[in-house]
Amino acid sequence: PAYGASAIVAGYPLNNPLTLNPASVGSSIDAYGPNIYQNETVHRQIFPIHASVQPGNSGGPLVAPDGKVYGMVFAASTSVANSGYALTASEIASDVQAGEQSTAPVSTEGCQH
């Protein structure tokens with residue numbers, strides 16, 4: 001999407017029913033940081049987004065008003081109110097494709113405490 005494009009964050013924030021929140025999309029950027037297990041550095045292509053992002057939105061889609069998927073929401077900003085981050089559709093495309101063809105169970109690994 002173009003910088004400033006309108007979007008929708010869909011998810012279940014704070015375990016509420018399906019909620020659709022308006023969003024605007026920033027320019028995609030390359031981000032480097034630790035994985036969720038804090039044991040290696042990963043590279044991700046992400047969109048900063050201006051939207052209400054809360055627990056329960058992670059893993060939900062960032063979609064255009066016409067239904068095109070821009071990406072997947074994965075984090076809220078800890079320093080800027082009403083801001084968050086989404087992995088770009090191209091960043092998650094290979095995982096989506098693998099999931100469509102997978103027939104065997106996989107581990108979710110352990111939770112961080």
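## Strand pairing around strand 4

Strand 4 and strand 7 (residues 83–88) pair in the antiparallel sense over five bridges, where strands are DSSP runs of E of at least two residues, numbered from the N terminus, and two strands pair if DSSP finds at least two bridges between them. Within this pairing, Tyr 85 of strand 7 is the bridge partner of Pro 48.

The model is predicted, with local features needing pLDDT of at least 70 and side-chain atom pairs counting only at pLDDT 80 or more, while totals for chains, interfaces and linings use all residues. Residues are numbered from 1 along each chain as its sequence is written, and side-chain values use heavy atoms, with hydrogens and water left out.

| Partner of strand 4 | Bridges | Bridge pair or facing residues |
|---|---|---|
| Strand 3 (residues 29–34) | Six bridges | Gly 33 with Val 42 |

Strand 3 and strand 4 form a hairpin with six residues between them, and in the turn Gln 38 has a positive phi of about 60°.

Tyr 85 returns in the one aromatic pair that a search of the whole structure finds, rings being paired if their centres lie within 6.5 Å, and counted as stacked with planes under 30 degrees apart, edge-to-face over 60 and tilted for the rest. The ring centres of Phe 74 and Tyr 85 are 6.4 Å apart and their planes stand at 40°, so the pair is tilted. Because Phe 74 lies in strand 6 (residues 69–76) and Tyr 85 in strand 7, the pair ties together parts that are eleven residues apart in sequence. Phe 74 is partly exposed, at 27% relative accessible area, and Tyr 85 is likewise partly exposed, at 28%, the term covering values between buried (under 20%) and exposed (over 50%) with a 1.4 Å probe and protein chains only.

Definitions and conventions
Helices (H or I, at least four residues) and strands (E, at least two) are DSSP runs, numbered from the N terminus. Rings of Phe, Tyr and Trp (its six-membered ring) pair if their centres lie within 6.5 Å; planes under 30 degrees apart count as stacked, over 60 as edge-to-face and the rest as tilted.
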